[in-house]
Amino acid sequence: MNTQFLKKEKKTFFPKIIIYIFIPLFISIILFIIVYKIYCSGKLNSNDITFLITTIKDLFNILFFGGILIITILSYLQARKSLFTPIKTETFKMQIKAFEEILLFFQNKSESDFIDQFDFNNIIKINAQLLQLDFIRHFFSDEIKIDEERVKELEKSVSGSIISKNFLEKNYTKLEYHEKEEKKEKVKITNPAIILNQWNEYEYGKIDFTNKFKEETQKLKNLSASPLLPREIKDLINNFERKIHENLSLIGKVLTEISKELPSKFPNAKSLQNFNNPGIWNTYNSKMDTLENDAEEILKYIRKYLKIDDLIN
């Protein structure tokens with residue numbers, strides 16, 4: 001529903017009344033004058049005059065009631081238009097409000113702004129630390145004591161997780177409703193070759209995210225959920241949201257790739273002091289989907305839909 005902002009010139013309803021009422025009356029008067037002149041000239045007898053008068057009367061009645069019918073129809077159409085105009089106006093106001101919220105979410109934001117908005121820096125940091133903990137537990141559990149209080153603090157910053165399909169199938173068993181899961185005691189493996197081989201199959205498939213990420217993605221869902229928005233802009237917002245989740249999933253893929261390098265880069269417990277989170281971020285940042293161009297497409301669509309450039313010019 002593209003709405004023009006320029007006011008249209010109001011059309012008066014009275015000329016239509018003049019056309020449909022006074023013109024038939026004017027025609028009837030003309031006919032009466034013609035008949036009267038013919039009668040005065042002696043060319044018509046009384047029977048002819050009666051016939052003509054009756055015909056003119058019937059014709060006038062037809063024209064009159066036809067005009068009344070047309071006026072009634074036009075009045076109804078005018079009333080219906082006036083009735084729905086406030087509804088259309090209120091709908092447009094609500095639509096403008098929805099567009100305003102979208103503009104506030106996307107306008108004047110660079111790639112780094114979106115990274116900060118969706119808390120990707122902290123998400124990378126949290127998951128990199130969890131990867132480091134997995135590495136320590138696997139290779140250096142006897143040499144390095146893990147600070148469990150620090151782990152709990154780390155877990156408090158996590159609001160939720162996504163799990164890859166492969167990780168789910170590999171680490172979780174699907175039980176029937178009548179079965180009970182049996183806890184198997186893990187056998188400690190000391191053979192370095194087996195330990196290394198197990199680590200080479202490691203997959204970082206559970207990606208944790210923060211509450212800030214959860215809140216911002218919920219805002220995105222709310223923006224596209226408005227029934228007042230055109231389908232095209234909903235698709236653009238949904239595509240932006242899809243890229244956000246793909247970037248979140250990418251963290252698991254990047255950390256899985258990095259995990260393969262850890263045994264060679266950190267061969268002993270002391271070398272773990274050089275574990276570098278910024279280095280992981282740089283690797284991730286080079287592979288993530290950009291968001292700035294998608295945001296610009298959303299803003300361009302709003303300008304086109306509301307014809308903002310036409311109004312300015």
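This briefing looks at charged side chains in the structure above.

The model is predicted, so local features need pLDDT of at least 70, side-chain atom pairs count only at pLDDT 80 or more, and totals for chains, interfaces and linings use all residues. Residues are numbered from 1 along each chain as its sequence is written, and side-chain values use heavy atoms, leaving out hydrogens and water. The structure holds 11 salt bridges, each a side-chain nitrogen of Lys or Arg within 4 Å of a carboxyl oxygen of Asp or Glu.

**Around Asp-119**

- Asp-119 sits in the loop between α3 (111–117) and α4 (120–139); helices are DSSP runs of H or I with at least four residues, numbered from the N terminus.
- Asp-119 is buried and has no salt bridge, where buried means under 20% relative accessible area, exposed over 50% and partly exposed in between (1.4 Å probe, protein chains only).
- The nearest side chain of opposite charge to Asp-119 is Lys-212, 4.7 Å away; Lys and Arg count as positive, Asp and Glu as negative, while His and the chain ends are not counted.

- Lys-212 pairs with Asp-116 in a salt bridge (3.9 Å, N to O).
- Lys-212 belongs to helix α8 (residues 211–224) and Asp-116 to helix α3, so this pair ties together parts 96 residues apart in sequence.
- Lys-221 and Glu-241 also form a salt bridge (2.7 Å, N to O), linking helix α8 with helix α9 (residues 231–265).
- Glu-241 is buried at 9% relative accessible area, whereas Lys-221 is partly exposed at 40%.

**Within helix α9**

- Arg-231 and Asp-235 form a salt bridge, with their closest N and O atoms 3.8 Å apart.
- Arg-231 and Asp-235 are four residues apart in helix α9, so about one helical turn separates them.

Note on methods
Helix = DSSP H or I, 4+ residues; strand = E, 2+ residues; numbered from the N terminus.
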